[in-house]
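Hello,

Here is the structure I promised to pass on to you. Please open it alongside this email, and I will walk you through what turned up.

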Amino acid sequence: MGWVRHRRDHGGIFFVDLVDRYGLVQINFDASAHPKLCEQARELKAEWVVAVTGTVRMRPEGMRNPNLATGDIEVVANELEVLNKAKTPPFEIKDPVEASEELRLTYRYLDLRRPELQKNMLLRHRVYQVVRRYLDAHGFVEIETPFLIKSTPEGARDYLVPSRIHKGRFYALPQSPQTYKQLLMVAGFDRYFQIVRCFRDEDLRADRQPEFTQIDMEMSFVDADDVRAVCEGLMAEVLEQVLGYQLATPLPVLPYDEAMAKYGTDKPDLRFALPITDISSLVAGSQFRVFAETVNSGGMVAGLCVPQAEVFTRKKVDDLTAAAKELGGKGLVALKVTPDGWEGGAAKFFSAAEIAAVNAAMHATAGQMLFLVADRREVCLPVLGALRLRLGKELGLIDEGKISLLWVTDFPLLEYSQEEGRFVAMHHPFTSPLREDIPLLQTSPERVRAQAYDLVFNGTEVAGGSIRIHDAELQREVFRVLAISQEEAERKFGFLLEALQYGAPPHGGIAFGFDRLVMLLAGKETIRDVIAFPKTTSALSLMDGAPSEISPEQLRELGLRLAE
C-alpha cells in the first residue's frame, strides 16, 4: 500500500512506482496476463492511495536499478484497489523540489512526503532516541516542567496566555525551564533532563523559530568540567549512532577572549584556519594616518592573510569593503603581497621594515592578500570575523566533510546595554561568576567572568550552559548589579530566592538547541527543514493560518478588549 508517484506505459506492460516512508517499489501490470487490471492501472494518477496484491520477483537482467534500494525486484500485480483518489498536487513531490518555500509551507503535509524531508524527520526521531538512551544510562531522570508559568521577562519577550478564571492575569509560555530545573536540584533530583518545547517572541532568522526544542539538562554537585564531560559523551554517542562518526574527546577549549581575538566571534568555525592577527603595535608609528590615529586613540588594527590573491578583482575588493561597512566598520584596506613588497592604495605609506614586520606577524607570502581593519576593538574583531567566514565559504577553504566541535568558556558575566542604560546578563541572571571574580562585582562588574560554556559545532552554537548561583545572597547581589531592585527581584523571582535558602546544592547544567543540532547532522542550512510544521520568518503558519483572530465572545470570556 502507498502513494502513486510515477507511471510509465510500455505498451503491453504498465509500470507504477509506489512509495511510502519505507521507500519505493516498482509495480508491474502485465496486459497479457491481466488486461482489465492493466486498464485500471492506466487510470491511476499521481498521489492516489492504492493497495496492490501480487508476487515479488527479481527484475529481468539489464532492467535492474543499482541506485535504488529495491532496484533488483518488482511486484507483479494481480489485484489493485484504489483506497483514495487525490487532487492534482500544487507541486510535484520530488527531490530536488522546484516549488517555492511559501507554497511548500502552505501544503506542508505534501512537502513532508518528499524523501528528503522524510529522511530529516527520521533522523530527528533517531537523535531523540539516542539522547534518551544515553542520559537514562547515565543516571538522568526525565521530568516534565510546566508550560503555563509566571512571566519573568529578563531576556527575550514572553508569549503571554490570558487566564479566563483569573481575569486580568496572564501566564507565560516558558523561554526555557531554567528556574524549574534549578528547583529540581533543590528537590534532590541530582540529574534531570527533558526534551522540551520552549517559546520566545523574538525576531526570527534561519535558525530561529517562535517555538523550538531543547535538550535540557541539570546536575548537582558538579563543576563545569563534569557538565562538559557528560555532553561530550552524549555528542560522541549521537555522532556515532547517527553518522557513524568517531568523535575524539576531550574537545578543545577556547576562552572567550581568545576566540574573539583570533576569530572575531564566540562561535568560531575551526574547519579552516585564516586567523585574525593584531598588528596594532607594528603600524602605530606608520605614515598611514588612519592606522596610526586609530591605535593612538585606543583602537586596534588587525587583519586576515588570505590565499589566492589572483581572484581578488577590483570589484571583489569593493564588494568586501562594502560588506565591512555594512557590518559597522569604517572600511577595509586591501594589500597584495608581492616579492617586492605590497601593492595597493595604502602601500606607499609603509616602510620596508614595517612591511616585513607585518608580513612576518601575519605569516604572509607572495601571492596572498592582506585585508586590514582599523577601528575600536568591539567593532574591528566582529567585522573581521564575519569577513573571515565569508571568505572561507567563497574561496572553498571550509572542509565540508569535517566536523569541528569545541567549547568556548570564560564569557563575561555581564554586558552593558546602551539602550537600557544598565548591565544585562550575557547568558541569564542565574549564571554564577568565577569565584575569584566575585569581589569585582561591586568595583568592576564588566571584568567579571562567568562560569559559562558554549558548545560550538561547525561555527554554530548548539548548546549553552553554566554553573548556577546556589547562594541566595550572591543571587541578590547579581540582581543589584543588574539594576533589579529588591522589590522587583522578589516579585519576579521570590520563589527561587526562597528555595535557595533551603539547602540548595551547587549545581549547573546546559541546554542543547535540538533543532539546530539536527539541522547540522542533516547538513541543512535552516531549521525549517528539520521541523515537521515550522513557521515562516514572520512567525506565520501558512498551512492553518495561525495566528488568527478570535471571536468577540472569546475576548469577553477572557475579560479582554482589543485596542484600536
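**A pair of helices**

Helix α14 (residues 472-481) packs against helix α15 (residues 486-499) at an angle of about 160°, with 11 Å between their axes. That angle makes α14 roughly antiparallel to α15, since angles over 145 degrees count as roughly antiparallel. Axes here are lines fitted to C-alpha atoms, for helices over the stretch in contact, and angles run from 0 to 180 degrees between N-to-C directions. Helices (H or I, at least four residues) and strands (E, at least two) are DSSP runs, numbered from the N terminus.

Before going on, a word on where this comes from. The model is predicted, so local features need pLDDT of at least 70 and side-chain atom pairs count only at pLDDT 80 or more, while totals for chains, interfaces and linings use all residues. Residues are numbered from 1 along each chain as its sequence is written, and side-chain values use heavy atoms, with hydrogens and water left out.

**The barrel**

Now look for a closed barrel of five strands, in the order β1-β2-β3-β5-β4, with mixed pairing. From one strand to the next, the twist averages 45°. Two strands pair if DSSP finds at least two bridges between them.

Start with β1 (residues 2-9). Its antiparallel pairing with strand β2 (residues 13-20) has six bridges, and Val4 has Leu18 in β2 as its bridge partner. The two strands form a hairpin with three residues between them, and Gly11 in the turn has a positive phi of about 80°. β1 also pairs with β4 (residues 49-58), again in the antiparallel sense, over two bridges. There, Trp3 stands opposite Val49 in β4.

β4 in turn runs antiparallel to strand β5 (residues 73-84), and 10 bridges join them. Gly54 stands opposite Ala77 in β5.

**A cavity**

How many cavities of 30 Å³ or more are there? The count comes to one, and the largest cavity has a volume of about 30 Å³. A cavity is a set of points, on a 1 Å grid over the protein atoms alone, where a 1.4 Å probe fits but cannot get out; lining residues have an atom within 4 Å of a point. The points are joined across faces, edges and corners, and the volume is the space filled by probe spheres set on them.

Arg197, Gln209, Glu211, Ile531, Phe533 and Pro534 line the largest cavity. That lining divides into three nonpolar residues, one polar and two charged.

Enjoy exploring!

Methods: 1 Å grid on protein atoms, 1.4 Å probe; cavity = no way out; pocket = protein on both sides within 12 Å on 5 of 7 lines; lining within 4 Å. Nonpolar A, V, L, I, M, F, W, Y, C, P; charged D, E, K, R; others polar. Parallel < 35°, antiparallel > 145°, perpendicular 65-115°, else oblique.
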